[in-house]
Structures are given as structure tokens and as C-alpha cells.
Amino acid sequence: MSSPPGQLSERVRILVVDDQAANIVQIRHILGTELETFAATSGEQALDMCLAAPPDLVILDMRMPGIGGLDTCRRLRADVRTQAIPVIFVTAATSPEDEDACWLAGGSDFVLKPINPTTLQNRVRAQLTLKIQADQLRRLAYLDGLTGLPNRRSFDERFGIECRRAFRNKTPLSILLIDIDYFKLYNDHYGHIAGDACLREIGHCLAESILRPGDLVARYGGEEFVGLLSETGHAGALRVAQAILDRVSQAKLGHAASPIGSTVAVSIGVATRIVQQHELVHEACHSLLEQADRQLYRAKQAGRAGAAG
Ligand code: GH3
Ligand code: MG
Ligand code: MG
Ligand code: MG
């Protein structure tokens, strides 16, 4: 079958799950070779594969030994890492109760055995089209269009999640507020288009400096960025801040109008806290950001191109 319209450059990957090898062979044959298909013969194996490398679509047998199709689907829906993967159930069960159960478990569609190849191909195409559109919307909603980094909305959502996690685990949480120095003068000197390119470069430097899985760097707004470092104490956060200062300095982006040097530099405010029992989590989040903002102000007052915290 041909790919759905609007497909992005990566190849579409479909996971076919059935306890009977013959059914897998038949489904893969119907889908053809243009789409990349791979197979699992149990719910357990399918869940592992979905976590390791989420496919664009799962075609799921309803009745299997071990974790059945319904439970597999429920578990996919319950995990943020897999909840957006569409699932088409394939089953010989024809009762209305069985069909209801598939939808209630979070199925996106339902195809009966024996499989009508045209039906399966069209259902797959429809789900993939929806998936691609949903991915595009997610990208628009959560990524900054200029730098490609997560945007303020991404940060706000993750910040709430990480604050609650830090509170539960009694682990420290650190924030870095990163602001480009004398960026107005940069724009005035080089123009806004060059200014945009500079923002992209700085975003790239930050993404390279904040690499630990679970950490986040986002464009906070304008020429300000924010780093969210989970399970990181103050000393660790200051080390990351220094790594950012070094990385930006190594990039040697010319800034002929800068009063403090010939290249673009940033100032960083660092704040850390362990969320205490008696505090409301959102108040702790708020005060952590305020603290980072105060430290950023101190770094600016201290002459810029440095970190305070
Ligand atoms: P400071 O060292 O105190 O931070 O000075 P500054 O000039 O960097 O700070 P100020 O807040 O005065 O100016 C920020 C500038 O960032 C002004 C604004 O035009 C520019 N800016 C914000 N967003 C963008 C953008 O998306 N593209 C470009 N080119 N410039 C932007
Ligand atoms: Mg079966
Ligand atoms: Mg600013
Ligand atoms: Mg600035």
C-alpha cells in the first residue's frame, strides 16, 4: 500500500502483534513493503518494543495468551511515552460487547478476521494520516518555531511534573535562567535576521550543554532560555552553568557592538531547592523561578558573561 499524504521524511513503522505467526505473515503481506513492519508475538513483547522505539501504529490481536490485546492497549494508554500511539484491533470476536471492549480499552479502530485486505489497508492509512497530523500539531504546540527547542508551554508542563516528582522523592531540583547579553545591541548592529540566527546558535549551544536524559532546555521567551535539571543539587547546577558559559564562549559568535567583549555571551541565574513537605508544590515552583530570576539579575549586575547562584 502507498504511504499516507503529508508523511514526514522518516519511514513509517508499524508493529504487528499476534500470538499466531501465520496471522502476522498475512497482515505484513497485506500492508506490503513500503511501510516498515515489525512483529511481536505477545503483549509483553509488544509493550517492551513500544517503549524501546515507539512505532507510528500498532495492529493488535485481541485474544492472546498472557497479557491479552485489551490489557496491552490499556497499558499503552496509561504510559505518557506510548499513549499517543494509535492501535487498530484485529479480532475474530464479533459480539457488540467485544467491540465495545476494544474501544473502551483505548483502541483507535477495529478490523474483523478474516481480514478484508482493502479494509485493513484503508483503516491503516486513515490512522497514519491522523497520527501524522497529531504529531505536527504537537510539534507546533510544544516546540519553538525559531530554535526548534521546547517552548514555554513545554517547560511549564514539565516543570510542574518535575516539581511534584522532586517533592515525592525528596530530591533537589535546579533551574537555570539564561539570558543573552546586550542582545538588543546585537539586533541594532546586525539586524533582526542575523539576531534570529544568533538565537538559533545559542539554542544549539544550550542543547549541547544540557544533555542528561530527563533534563530540559527550553526557550522561555525572547532572548531568554531556561534549563530544568532534575535530581541536581546546587553544585551540579553551577557546573552545568559553567559548561554553558564555556560552550557559548567557544562558539565565538561575533558581537562587535558589545560593551563587554567581541563575542556573544550569556548571563545565567541558578537556583536549587528541595521541595519541603509543608510547601504547596506550585508555590515552590514559583519561588524557584523567582530565585533564578534574582540570580540572573545579580549576574547581570556583576558584569554579565557569568553565572550567579
Ligand atoms: P541585557 O544584557 O541586559 O540582557 O540586555 P539585552 O539587550 O539583551 O536585553 P533587552 O531586554 O533590552 O533586549 C532584548 C532584545 O531581544 C530585544 C528584542 O528585540 C530581542 N529579541 C527578543 N526576541 C527576539 C527574536 O525572536 N528575534 C530577534 N532577532 N530578537 C529578539
Ligand atoms: Mg490470537
Ligand atoms: Mg532578557
Ligand atoms: Mg538580554
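Guide: UniProt positions follow the numbering used here, feature names are shortened, and an annotation may be inferred rather than shown by experiment. With that in mind, the unreviewed UniProt entry places the feature "modified residue: 4-aspartylphosphate" at Asp 61. This is a predicted model, in which local features need pLDDT of at least 70 and side-chain atom pairs count only at pLDDT 80 or more, while totals for chains, interfaces and linings use all residues. Residues are numbered from 1 along each chain as its sequence is written, and chains are lettered from A and ligands numbered from 1 in the order in which they are written.

Visitor: Where is Asp 61 found?

Guide: Asp 61 is found in strand β3. Strands are DSSP runs of E with at least two residues, helices are runs of H or I with at least four, and both are numbered from the N terminus.

Visitor: Why is Asp 61 called buried?

Guide: A residue is buried if 20 or more other C-beta atoms, placed from the backbone, lie within 10 Å of its own, exposed if 12 or fewer, and partly exposed in between. Asp 61 has 26, so it is buried.

Visitor: What does Asp 61 touch?

Guide: Contact requires C-beta atoms, placed from the backbone, within 7 Å. Leaving aside residues up to four places away in sequence, Asp 61 touches Val 17, Asp 18, Asp 19, Asn 23, Gly 69, Val 90 and Thr 91.

Visitor: How many bridges join strand β3 to strand β4?

Guide: Four bridges join β3 (residues 57–61) to β4 (residues 87–91), and the two run parallel. Two strands pair if DSSP finds at least two bridges between them, so these strands pair. Val 58 stands opposite Val 87 in β4.

Visitor: What makes β2 and β5 edge strands?

Guide: Five strands form an open sheet in the order β2-β1-β3-β4-β5, with parallel pairing. β2 (36–40) and β5 (109–112) each pair on one side only.

Visitor: Why is Leu 199 called buried?

Guide: Leu 199 has 21 other C-beta atoms within 10 Å, so it is buried. Leu 199 is found in helix α8 (residues 192–209). Its contacts, not counting residues up to four places away in sequence, are Leu 146, Thr 147 and Glu 223.

Visitor: Which residues come nearest to ligand 1?

Guide: A residue is near a molecule if its C-beta atom, placed from the backbone, lies within 6 Å of it. Of the 17 residues around ligand 1, the nearest are Asp 181, Phe 183, Lys 184, Gly 195 and Gly 222. Helix α8, β6 (172–180) and α7 (183–190) each supply at least two residues of this shell.

Note on methods: Two residues are in contact if their C-beta atoms, placed from the backbone, lie within 7 Å.
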